[in-house]
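User: I am new to reading protein models. Can you take me through this one, feature by feature?

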Amino acid sequence: MLGDVIEFRIDRRSGVSTYMQIVQQVTQAMRLGLLGPGDRLPTAREVVEATAVNPNTVLKAYRELERDGLVEARRGVGTFVTRSLASDRTSVEAPMRRDLADWMSRARSGGLTVEDVDALFAAVRDEYFPAGGLEHPS
């Protein structure tokens with residue numbers, strides 16, 4: 001793991017730009033409480049060595065996170081998380097996360113592939129959160 005904080009996984013076949021994958025993974029780690037205020041993100045050099053992406057791609061992702069007010073670059077020191085996106089409902093100890101982990105275990109034991117799981121998850125999510133919104137089903 002990079003800096004014992006976050007390990008980026010880049011999927012070059014996903015159709016999602018590399019810089020956006022980095023942005024999404026940082027914000028996801030923040031929502032789950034894995035990254036919080038004061039935590040340092042890996043340097044661009046560390047990310048490049050671990051993922052073989054272009055350094056400008058990493059810097060673009062970090063600038064996007066900074067524009068969103070999630071991180072702060074400190075010249076010569078690093079890039080640091082400035083706020084938390086975590087809540088008790090999204091933490092790694094949250095009951096719903098444990099329920100989902102149990103479901104994932106059953107799905108894996110049942111022979112589902114990651115593509116099957118992604119398809120099922122997206123279909124059910126879209127039923128309950130149409131168009132990615134936060135509305136509740138009626």
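User: Where is the place of Pro42?

Analyst: To place a residue, look at the elements on either side of it. Pro42 sits in the loop between helix H1 (18-31) and H2. Keep in mind that this is a predicted model.

User: Is Pro42 buried or exposed?

Analyst: For that, read the relative accessible area. Buried means under 20%. Pro42 has 2% relative accessibility, so it counts as buried. Now look for a residue from elsewhere in the chain. Ile6 is 36 residues from Pro42 in sequence, yet their C-alpha atoms are 7.7 Å apart in space.

User: Let me step back. What does the secondary structure of the protein come to?

Analyst: Count the helices and the strands. Here there are 5 helices and 2 strands. Then read their order along the sequence: α-α-α-β-β-α-α.

User: What does the C-alpha trace span along its principal axes?

Analyst: The spans are about 50 × 30 × 30 Å. The protein has 138 residues, and 26% of them count as buried.

User: How do strands E1 and E2 run, parallel or antiparallel?

Analyst: Follow the direction of each strand, then check the bridges. E1 (residues 71-74) and E2 run antiparallel, and 4 bridges join them. Trace two of the partners. Val71 is bridged to Val81 in E2. Arg74 has Gly78 as its bridge partner in E2.

User: What do E1 and E2 form, and how many residues lie between them?

Analyst: They form a hairpin, with 3 residues between the strands.

User: Next, pockets. How much space lies in the second largest pocket?

Analyst: Start with the general idea. Rolling a probe the size of a water molecule over the atoms shows where empty space is left. In this model, the second largest pocket holds about 280 Å³ of space. It is lined by 17 residues, and the closest to its centre are Ala44, Leu59, Tyr62, Gly78 and Thr79.

User: Now charges. How many salt bridges are found in the whole structure?

Analyst: The search finds 5. Look for oppositely charged side chains, then check the N to O distance. The cut-off is 4 Å.

User: How far apart are the closest N and O atoms of Arg40 and Glu46?

Analyst: They are 3.7 Å apart, and the pair forms a salt bridge. Arg40 is partly exposed, at 29% relative accessibility. Glu46 is partly exposed as well, with 26%.

User: Glu64 and Arg67 also meet in a salt bridge. By what part of a helix are they separated?

Analyst: About one helical turn, because they are 3 residues apart in helix H3 (residues 55-67). The N to O distance is 3.0 Å. Compare the two ends. Glu64 is buried, at 19%. Arg67 is exposed, at 60%.

User: What distance goes with the salt bridge of Arg125 and Asp126?

Analyst: That one is 3.2 Å, N to O. Arg125 has a relative accessible area of 38%, so it is partly exposed. Asp126 is partly exposed too, at 39%.

Note on methods:
Residues are numbered from 1 along each chain as its sequence is written. This is a predicted model: local features need pLDDT of at least 70, side-chain atom pairs count only at pLDDT 80 or more; totals for chains, interfaces and linings use all residues. Side-chain values use heavy atoms; hydrogens and water are left out. Buried means under 20% relative accessible area, exposed over 50%, partly exposed in between (1.4 Å probe, protein chains only). Two strands pair if DSSP finds at least two bridges between them. On a 1 Å grid over the protein atoms alone, a cavity is a set of points where a 1.4 Å probe fits but cannot get out, and a pocket is an open set with protein on both sides within 12 Å along at least five of seven lines; lining residues have an atom within 4 Å of a point. Grid points are joined across faces, edges and corners, and a volume is the space filled by probe spheres set on the points.
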